[in-house]
Amino acid sequence: MSYASHLRCRECGRCYPLEPVHACEFCFGPLEVDYDYRAIGRAISRRRIESGPLTVWRYSDLLPADSEQAVDIGAGFTPLLPAQNLGEALGLCRLYIKNDCANPTWSFKDRVVTVASTKAREFGFDTLACASTGNLANAVAAHAARAGMKALVFIPADLEQGKVVGSAVYGPTLVAVKGSYDDANRLCSELTDRYPWAFVNINIRPYYAEGSKTLAYEVVEQLGWRAPDHCIVPMASGCLLTKVWKGIKELAWLGLVDWAHTRMSGAQAEGCSPIVQAWERHSFNVRPVRPNTIAKSLAVGNPADGYYALKVLADSGGSAVAVSDDEVVEGIKLLAETEGIFAETAGGVVIAGLRQLVAQGRIQPDELVVAFITGAGLKTQEAVLDRLVPCLVIEPHLASFEEAIAEHREAVAAGRQTNQGESHG
Ligand SMILES: *Cc1c(COP(=O)(O)O)cnc(C)c1O
Ligand SMILES: [Zn+2]
C-alpha cells in the first residue's frame, strides 16, 4: 500500500484522483503526486528505512506505487563516494560523487521507471512506452521485459550506438524518429491520446517523476542522515533537479534530517541550455532551442520542468552553468582519471559545470558538495573515442614489448616537454 493520496495541479492547486493523467483540465498545469504526510510521519523512521531492501523500494513510504508488486530489477542504492582526488583538482575539500552509473541499465532512469512501470501495471496497462533521449529507452525496455509487458520506445534517429543496442537487446519495438527528441516527444503526446499505452514520461509522468526523489533520500541516508550543502545536478527537462530538492525537503518535514539549506545548482551543455539561458536573463520564461551537443541525454530543447527548475535554483540559492562540448569531454576524462568512474556525457557536463561554479566562487571550498553522476560512459563512447591514447600493438615476445614500451616512454616524455607545466601523462 502506498501513502499517495491524490494528484494536485502545480498551478491552480485543483486535486484529481490517482489516475493515469498528467495535466490539469482547467489550466493545463502539470499534476504532481501528493501524500498523506501525517500517516507517513507516524509510520516512517530512519530505522524502518535502514532495514528495507537495498533498492529504491526502501523508501516505498514516500513513493506512489505498491512496493509489494514492484517491477524491480534492482534500481537504486548506488554508491556515494568521497572524491578526494577530484576534490583536490577542483579546490573542494568535501566533495562526494553519487554514482548512478551503477544502476541495472547504467543510468538513473531505472529509478523513475521502476516506479512508473509498477504504477502502469497497477493501472492495468499491458504496454509500456516512452519518448527518450536514450537512457529512458534502456530502462523502459528492461523493466517491460521484467514485468512481462510490451515495450514501445521512441528515440531520435541519431542516437549513440550504445544507447540503441542497450534498448534493442531487451526486445522492445524500437522506433527511430527522424528528428529531435522534442519531435519524438510531440508525436508521443499525440499517440497517448489515441492508444491505450502507458507512456512513462507523458500520461504516467506524475508517478515517474517521483522516482527521482530517491536520489536525494539515498544521499542523505548515506551521509549519515545529513543534507549536503550543495548539490550539482544535470538538467534535461529539469525534472530531476526539482525532485532532488523535493526529496530533501520531505525528509526535513518528516524530521528525518535537520533542515540544512541545501543549495541546488544545475548544469547543461551550451549546445542545449534553454534553462541556463533563462537563468542568465533573470527570467522564468524558458525559450525553446534546437539542440546541438554531444550531451545527447540532456538534449531536450523544450524542457517541460524548466520553469520549476528555475524556481528551485532561485529559492535554494543555487546557480546554473553551461559548458562547451570540449569541456564535457575534459570533465569525463578528469572524473575517470581522478576517481576511476567512467561517466557518460551528462557526467562530463556536471564535472565541467562544477569546475566553473568553484572558479566563479559560487561554491566555497569547504562546502559539502554532492555531484550527481547520472549515467555510464560505455553508452557514449563516441564522445571520447578520438581523445584517448591508442594502445601499444606488439608481437607476443619480450623484445617487442620492450621496444614498444621504450618508444612509448620517449613519446610521453616528449609530450611532457611540449605541454610544460601539465602534470598528466
Ligand atoms: C534523463 C537524464 C537526466 C535528467 O533528466 P531530467 O529530464 O532533467 O529529469 C540526467 N542525466 C542523464 C544521464 C539522463 O539520462
Ligand atoms: Zn490547474
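Q: Which atom of A236 lies 2.9 Å from an oxygen atom of ligand 1?
A: In this predicted model, a backbone N or O atom of A236 sits at that distance from the ligand oxygen. That's a polar contact, meaning a pair of N or O atoms within 3.5 Å; within protein, one must be able to donate a hydrogen and the other to accept it, and residues adjacent in sequence count only if both atoms are side-chain atoms.

Q: Before we go on, what are the ground rules here?
A: Residues count from 1 along each chain as its sequence is written, and chains are lettered from A and ligands numbered from 1 in the order in which they are written.

Q: OK, back to ligand 1: how many residues surround it?
A: There are 15, and the closest are K109, N135, S237, L240 and T374. "Surround" here means that a heavy atom of the residue lies within 4 Å.

Q: What does N135 do there?
A: A polar side-chain atom of N135 is 2.9 Å from an oxygen atom of the ligand. C239 uses a polar backbone atom instead, 3.5 Å from a ligand oxygen.

Q: New topic: what domains does the protein chain have?
A: Domain 1 covers 4-72 + 109-208, domain 2 covers 80-106 + 212-383, and domain 3 covers 391-424. Those bounds come from an automatic or database assignment.

Q: How much area is buried between domain 1 and domain 2?
A: About 3,400 Å², with carbon and sulfur atoms giving 49%. Buried area is the accessible area (1.4 Å probe) that the two parts lose on being put together, summed over both. On the domain 1 side, R46, Y59 and R111 supply 21% of what that domain buries, more than any other three residues.

Q: And how many salt bridges cross that interface?
A: Eight, where a salt bridge is a side-chain nitrogen of Lys or Arg within 4 Å of a carboxyl oxygen of Asp or Glu. A search of the whole structure finds 25.

Q: Which residue forms a salt bridge with D229?
A: R94, with the closest N and O atoms 3.6 Å apart. D229 is in the loop between α9 (213-222) and β10 (230-234) and R94 is in strand β5 (residues 94-99), so the pair ties together parts 135 residues apart in sequence. Helices (H or I, at least four residues) and strands (E, at least two) are DSSP runs, numbered from the N terminus.

Terms used
Predicted model: local features only at pLDDT ≥ 70, side-chain atom pairs only at ≥ 80, totals over all residues. Heavy atoms only, no water.
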